[in-house]
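The following note sets out points for discussion on the structure shown below. It begins with a term needed later and then moves from the overall fold to particular sites.

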Amino acid sequence: TLIMQHWIVCVLLLFLVFCDVSTQRKKKTVQTLSRGWGDDITWVQTYEEGLSKAVESKKPLMIIHHLENCPHSKALKKAFAEHQTIQRLAKSDFIMLNLVHETTDDNLAPDGFYVPRILFVDPSLTVRADIIGKYANRKYTYELGDVDFLAENMMKAKILLENEHEGHEDL
């Protein structure tokens, strides 16, 4: 019976280990959409889903165009993920989408197809071309040192939306 007890304990331990491994795998697969931009943020998978959720939630959609192997995208991603205000705003006040491939919508490239590029779309499905970064040649780009400016633009997008649609229940 002692051997049988050891056998049962071993089987139970193996079962617990397998359960823990499968739980860890599930956690990782859930976060693949973040691509390192913020694991606590809920990310949408497609542009179409983002537009739909923006309309439904009455929150602006924030779209980050980037490439995994681009040094500028990597630097911005790291700064974005570490910036507490950006993470808080992204988590609570925006529908979030990060894309590693271009969309076919020319509205998402008002001044060209380059990365990193960040655009805002309000719930009326208007690309907010008026919310721009610091650079005249690439208006929607943000660099490593621009995260505070990006946070300000996120607040601007949120406030503009609230002010423009105040009292409009039809939105």
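1. A polar contact is here a pair of N or O atoms within 3.5 Å; within protein, one of them must be able to donate a hydrogen and the other to accept it, and residues adjacent in sequence count only if both atoms are side-chain atoms. The model under discussion is a predicted one.

2. On the overall architecture: the protein contains five helices and three strands. Read from the N terminus, these elements follow the order α-α-β-α-α-β-β-α. Of contacts between residues at least 6 apart in sequence, 69% join residues at least 24 apart.

3. On burial and surface: the protein has 171 residues, of which 37% count as buried. Its accessible surface amounts to about 10,400 Å², and carbon and sulfur atoms account for 58% of that area.

4. On helix 4: this element spans residues 84–93, and its buried residues are Ile-86, Gln-87, Leu-89, Ala-90 and Asp-93. These buried residues pack against helix 3 (71–82), strand 2 (95–99) and helix 5.

5. The largest cavity has a volume of about 40 Å³. Its lining consists of Pro-60, Phe-120, Val-121, Asp-122, Arg-128, Ile-131, Ala-157, Leu-160 and Leu-161. Strand 3 (117–121) and helix 5 (147–164) are the elements that give two or more residues to this lining. Helix 5 supplies the largest share, three residues.

6. Is Arg-128 buried or exposed? Arg-128 counts as buried because its relative accessibility is 11%, and the cut-off for burial is under 20%.

7. On the surroundings of Arg-128: its side chain makes a polar contact with the side chain of Asp-130, at 2.8 Å. Leaving aside residues up to four places away in sequence, Arg-128 touches Phe-120, Asp-122, Tyr-140, Leu-160 and Glu-164.

Notes. Residues are numbered from 1 along each chain as its sequence is written. This is a predicted model: local features need pLDDT of at least 70, side-chain atom pairs count only at pLDDT 80 or more; totals for chains, interfaces and linings use all residues. Side-chain values use heavy atoms; hydrogens and water are left out. On a 1 Å grid over the protein atoms alone, a cavity is a set of points where a 1.4 Å probe fits but cannot get out, and a pocket is an open set with protein on both sides within 12 Å along at least five of seven lines; lining residues have an atom within 4 Å of a point. Grid points are joined across faces, edges and corners, and a volume is the space filled by probe spheres set on the points. Helices (H or I, at least four residues) and strands (E, at least two) are DSSP runs, numbered from the N terminus. Buried means under 20% relative accessible area, exposed over 50%, partly exposed in between (1.4 Å probe, protein chains only). Contact means heavy atoms within 4.5 Å. Accessible areas come from the Shrake-Rupley method with a 1.4 Å probe; for residues, only the protein chains shown count as cover.
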